[in-house]
Amino acid sequence: MVNTALVLGAGGITGIAWQLGILIGLREAGVDLTDAGLIVGTSAGSVTGTLVASGIDPVDGAKLEARLGADDPPISPDWARGSQVFALLGDEHRDPASIRARVGQLALEAEVGAEEPYVESLTRRLPPGGWPARLTVTAVSAESGEPVAWTRYSNVPLHRAVAASCAVPCVFPTVTIDGVRYMDGGVRSGTNADLAAEASRVVVLAPLAPVRMRGAPAAEIDALRQRSTVVLLAPDAAVLAALGPNVLDPTRWEPAIEAATEQGRGLAGEVAAVWPG
């Protein structure tokens, strides 16, 4: 049992920026979440989580190269299949396992570019070094629809795990690990907060909570609250305006960090009530 857990949810490029800004603002106001005993990262949160768990100061993390450069492959979504994915993930009546299986099939069929240039592009933005002891990264098998939660004991390369967790179906290519192709951990849940059930105090940063049903599934958060003290943080109206409608828009990086830092300062009292000083 660990005392504290930081859960970092899905949310694209702007979601990473928001999470880093929140961490910066909270710390400026006297609350440091980067010392969490457990860090769970999903999709965008896997990038933020890797930075934090590796000891990168959020201020330095905010200097991450958000914009694509000459060495990065272009983002080329398969919109036809992607629209089917969006509809499936919004279906509240279909069995979640069958949704994941169908989304995986679409992800495998999608024409979105080559796998390795995508992995290399993301790897350049991650800190060097091994797998941090307190980090868990989520993904979903595109072949079976089964979710996975990797740790340092899973013997999975960290850079490939993060690339898999960020592999939004029909936007980025699936990522091969040990012969299996994986996709975004957000297909199962935007937060995967249940993986923090061993912690007595949990703070969840969910960039998509205000705009996506699966951004922070209510049942998942409610179940976690049965055994842990939980604070769920999501972008406020001012931050949503700064983030813009496209979570993959790198031009929103700086505005998102600035607005999130201000929001983080304002949330310090709420978070300090549950986070040990």
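How many helices and strands are there in the chain? The chain holds ten helices and eight strands, where helices (H or I, at least four residues) and strands (E, at least two) are DSSP runs numbered from the N terminus. The model is a predicted one, in which local features need pLDDT of at least 70 and side-chain atom pairs count only at pLDDT 80 or more, while totals for chains, interfaces and linings use all residues. Residues are numbered from 1 along each chain as its sequence is written, and side-chain values use heavy atoms, with hydrogens and water left out.

The C-alpha trace spans about 50 × 40 × 35 Å along its principal axes. Of the 277 residues, 53% count as buried (buried means under 20% relative accessible area, exposed over 50%, and partly exposed in between, with a 1.4 Å probe and protein chains only). Among contacts (heavy atoms within 4.5 Å) with a separation of 6 or more, 79% come from residues 24 or more positions apart.

The aromatic rings come next. A search of the whole structure finds two aromatic pairs; rings of Phe, Tyr and Trp (its six-membered ring) pair if their centres lie within 6.5 Å, and planes under 30 degrees apart count as stacked, over 60 as edge-to-face and the rest as tilted. Tyr118 and Phe172 make a stacked pair, with 5.0 Å centre to centre and 20° between the planes. Because Tyr118 lies in helix 6 (residues 115-123) and Phe172 in the loop between helix 7 (158-165) and strand 5 (175-177), this pair ties together parts that are 54 residues apart in sequence. Both Tyr118 and Phe172 are buried. Trp150 and Tyr182 form an edge-to-face pair, at 4.9 Å centre to centre and 75° between the planes. With Trp150 in strand 4 (residues 147-150) and Tyr182 in strand 6 (residues 180-184), the pair joins parts that are 32 residues apart in sequence. Trp150 counts as buried at 7% relative accessibility, and Tyr182 counts as buried at 11%. Beyond its neighbours within four places in sequence, Trp150 is in contact with residues including Trp131, Leu135, Val156, Ile177 and Tyr182.

Two further residues round out the picture. Thr42 lies in the loop between strand 2 (38-41) and helix 2 (44-53) and counts as buried at 0% relative accessibility. Leaving aside neighbours within four places in sequence, the contacts of Thr42 include Leu8, Thr138, Ser165, Ser189 and Asn192. Gln105, in helix 5 (residues 96-109), is partly exposed, with a relative accessible area of 39%. Gln105 and Ala142 are 37 residues apart in sequence and 6.5 Å apart in space, C-alpha to C-alpha.
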